[in-house]
Amino acid sequence: MVATERLNTQEKVEELEKVRHEPLHQVDIPFEKATFGMGCFWGCDSLFGATRGVLRTRVGYAGGTTDSPVYKKMGDHTEVIEIDYDPKKISYSDLLELFWNNHEYGLTTRIKRQYMSLILYHSEEQRKIAEESRAEEQIKRAPEQIITEIAAAGAFYPAENYHQKYRLQGHSDLAKGIGLTPDLLHSSHVAARLNGYLIGVGGLEQFDEEVSLLGLSKEQAQYVRDYVIDNEGGGIFC
């Protein structure tokens, strides 16, 4: 199967030769925001980054009262991901489905606040959906007790740049090739997508469907496609 997929790679990248190569960093699409804490934020940054309908991601600290938290002095904050998503392509309930099923730890076992399970809602509608979703999930997981907290979103403090798009930054030539800057680590659409695809999130079929829209060169596309093939179905966590 993998051999066949690799044979098809050349066909896919040849199609890209006809496409203008300008990395798609900015997308001007109306969006809503979702904020979740579900363990180490590197994994969920990749998970949501390559999810259909997600426009941008950034990781940071939220949910507490400590002023200006940083990684080594987080205080009472939690590691979270902030997601900008297109509600016409993916619903808040769909995002919650990914939230419940992709915790690194902490969904039913109480651990330190840094890695706790947390939903921070941005509207009354999100609050209602989140509470109903938690109740449904509790029925599924009984007799275990879900300890996920649901609270209003307050201040969000972006994490240090080395935490943003962590998996993509491990591919320094690719990151440099798409013109990734410190600011774009927090706002780039293509960076969010690649940060997931490089560890197999989204899968080959989805990658092939949208790669021509991402503004990659044929060499960049082939490089990422090979990683999707190698890593699809693997783990996402730290």
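**Figure 1. Glu137 is buried, with a relative accessibility of 5%.** Buried means under 20% relative accessible area, exposed over 50% and partly exposed in between, computed with a 1.4 Å probe on protein chains only. The model is predicted, so local features need pLDDT of at least 70 and side-chain atom pairs count only at pLDDT 80 or more, while totals for chains, interfaces and linings use all residues. Residues are numbered from 1 along each chain as its sequence is written, and side-chain values use heavy atoms, with hydrogens and water left out. Glu137 pairs with Arg141 in a salt bridge whose closest N and O atoms are 2.9 Å apart; a salt bridge is a side-chain nitrogen of Lys or Arg within 4 Å of a carboxyl oxygen of Asp or Glu. Both residues belong to helix 4 (residues 124–141), where a spacing of 4 residues separates them by about one helical turn. Helices (H or I, at least four residues) and strands (E, at least two) are DSSP runs, numbered from the N terminus.

**Figure 2. Arg58 and Glu82 form a salt bridge between two strands.** The closest N and O atoms of Glu82 and Arg58 are 2.8 Å apart. Glu82 is in strand 3 (residues 78–85) and Arg58 in strand 2 (residues 54–62), so the pair ties together parts that are 24 residues apart in sequence. Glu82 and Arg58 are both buried. By the same rule, the count of salt bridges is 13. Side chains of opposite charge can pair when their charged atoms come close.

**Figure 3. Arg193 and Glu210 form a salt bridge.** The closest N and O atoms of this pair are 3.0 Å apart. Arg193 in helix 8 and Glu210 in helix 9 (residues 203–210) are 17 residues apart, and their pairing links distant parts of the chain. Both partners are buried. Elsewhere, salt bridges that share partners join Lys33, Arg56, Arg58, Glu82 and Asp84 into one network.

**Figure 4. The largest pocket holds about 300 Å³ of space.** A pocket is defined on a 1 Å grid over the protein atoms alone as an open set of points where a 1.4 Å probe fits, with protein on both sides within 12 Å along at least five of seven lines; lining residues have an atom within 4 Å of a point. Grid points are joined across faces, edges and corners, and the volume is the space filled by probe spheres set on the points. The lining has 16 residues, of which Gly53, Lys89, His189, Arg193 and Glu210 are closest to the pocket centre. Strand 2, helix 8 and helix 9 are the elements that each give two or more residues to the lining. By class, the lining has 7 nonpolar, 4 polar and 5 charged residues. Ala, Val, Leu, Ile, Met, Phe, Trp, Tyr, Cys and Pro count as nonpolar, Asp, Glu, Lys and Arg as charged, and the others, Gly among them, as polar.

**Figure 5. Helix 2 (residues 41–49) is largely enclosed by the rest of the structure, because 8 of its 9 residues are buried.** The buried residues are Phe41, Gly43, Cys44, Asp45, Ser46, Leu47, Phe48 and Gly49. They pack against strand 1 (32–38), strand 2, strand 3, helix 3 (92–101), helix 5 (166–169) and helix 8. Contact here means heavy atoms within 4.5 Å.

**Figure 6. Ser188 lies in the loop between helix 7 (184–187) and helix 8 (189–197).** With a relative accessible area of 1%, Ser188 is buried. Not counting residues up to four places away in sequence, Ser188 touches Leu24, His25 and Leu180. UniProt, in an unreviewed entry, lists residues 179–226 as "domain: Selenoprotein methionine sulfoxide reductase A helical"; its positions are given in the numbering used here, feature names are shortened, and annotations may be inferred rather than shown by experiment. This span is 62% helix and 0% strand, and its end C-alpha atoms are 21 Å apart.

**Figure 7. Ser68 and Lys165 have positive phi values.** Ser68, which is not a glycine, has a phi of about 50 degrees and is found in the loop between strand 2 and strand 3. Ser68 is exposed, at 57% relative accessible area. Phi of Lys165 is near 50 degrees, and this residue lies in the loop between strand 6 (157–158) and helix 5. Lys165 is buried, with a relative accessible area of 0%.

**Figure 8. A cis peptide bond joins Ala142 and Pro143.** The omega angle of this bond is about 10 degrees. Pro143 is in the loop between helix 4 and strand 5 (149–152).
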